Amino acid sequence: MGIFSSLFGGGASMTPQEAKAIMDSGADYVLVDVRSPQEYSTGHIRGARSLPVETIQQAASVQLKDKGATILLYCASGSRSSQAARILAALGYTDVHDFGGLYKWPYGMIE
């Protein structure tokens with residue numbers, strides 16, 4: 001488990017505020033939007049890469065090469081990000097965090 005797993009309880013779930021603290025800390029992380037490409041194009045969090053949950057199992061080895069990287073996941077409501085976190089954990093990723101849906105994200109998005 002990475003440093004943020006220790007700081008944030010080691011679980012796959014965290015609040016948007018905890019995710020924002022990681023983003024603002026200057027630490028390395030990968031921000032992943034697991035919604036559809038169409039949803040991503042309507043607005044997403046700055047710096048997020050689009051990796052739809054439907055393709056994450058096949059695409060992870062190319063898009064997320066470092067299995068020890070801090071990975072922050074979100075979707076629209078929290079269901080797909082939770083599913084993506086379970087998939088990545090099963091693939092051997094060790095520092096994966098789901099901060100739920102955009103409906104809880106109070107910090108704005110970009111288009």
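The crossing of helices H4 and H5 is right-handed. In this predicted model, H4 spans residues 56-63 and H5 spans residues 79-90, and the two pack at an angle of about 60 degrees with their axes 10 Å apart. That angle makes H4 oblique to H5.

**The H4/H5 contact**

- H4 contributes Ile 56, Gln 57 and Ala 60 to the contact, while H5 contributes Ala 84, Ile 87 and Leu 88.
- By residue class, the contact of H4 with H5 comprises five nonpolar residues, one polar residue and no charged residue.
- Ala 84 is located in helix H5 and is buried, because its relative accessible area is 0%, under the 20% limit.
- Setting aside residues up to four places away in sequence, Ala 84 touches Val 34, Val 53, Ile 56 and Leu 73.

- Ser 81 belongs to helix H5.
- With a relative accessibility of 0%, Ser 81 counts as buried.
- The side chains of Ser 81 and Asp 98 are joined by a polar contact of 2.5 Å.
- Apart from neighbours within four places in sequence, Ser 81 is in contact with Val 34, Leu 73, Tyr 74, Cys 75, Asp 98 and Gly 100.

- Leu 91 sits in the loop between H5 and E4.
- Leu 91 is partly exposed, because its relative accessible area of 26% falls between the limits of 20% and 50%.
- Beyond residues up to four places away in sequence, Leu 91 touches Gln 57, Ala 60 and Lys 67.
- The C-alpha atoms of Leu 91 and Lys 67 are 8.6 Å apart, and the two residues are 24 residues apart along the chain.

**Strand E4**

- His 97 has its place in strand E4, which covers residues 96-101.
- The relative accessible area of His 97 is 0%, and the residue is buried.
- His 97 and Met 14 are 83 residues apart along the chain, yet 6.5 Å separates their C-alpha atoms.

**His 44 in the H3-E2 loop**

- His 44 is found in the loop between helix H3 (37-41) and strand E2 (49-50).
- Although it lies in a loop, His 44 is buried, with a relative accessible area of 9%.
- A polar atom of the His 44 side chain lies 3.1 Å from the backbone oxygen of Tyr 40.
- Not counting residues up to four places away in sequence, His 44 touches Asp 33, Arg 35, Tyr 74, Met 109 and Ile 110.

**Lys 20 in H2**

- Helix H2, residues 16-24, contains Lys 20.
- Lys 20 counts as partly exposed, because its relative accessibility is 22%, above the 20% limit for buried residues.
- Lys 20 touches Trp 105 and Tyr 107, with residues up to four places away in sequence left out.
- For the pair Lys 20 and Trp 105, 85 residues apart along the chain, the C-alpha separation is 9.2 Å.

**The chain as a whole**

- The protein chain holds five helices and four strands.
- Read from the N terminus on, the order of the elements is α-α-β-α-β-α-β-α-β.
- Of the 111 residues in the protein chain, 45% are buried.
- Among contacts in the protein chain with a separation of 6 or more, 66% are between residues 24 or more positions apart.

Notes: Residues numbered from 1 in each chain as written. Predicted model: local features only at pLDDT ≥ 70, side-chain atom pairs only at ≥ 80, totals over all residues. Heavy atoms only, no water. Axes fitted to C-alpha atoms, helices over the stretch in contact; angles between N-to-C directions. Parallel < 35°, antiparallel > 145°, perpendicular 65-115°, else oblique. Left-handed = near helix turned anticlockwise from the far one by under 90°. Contact = heavy atoms within 4.5 Å. Nonpolar A, V, L, I, M, F, W, Y, C, P; charged D, E, K, R; others polar. Buried < 20%, exposed > 50% of the residue type's maximum accessible area, 1.4 Å probe, protein only. Polar contact = N/O pair within 3.5 Å; in protein donor to acceptor, adjacent residues only side chain to side chain.
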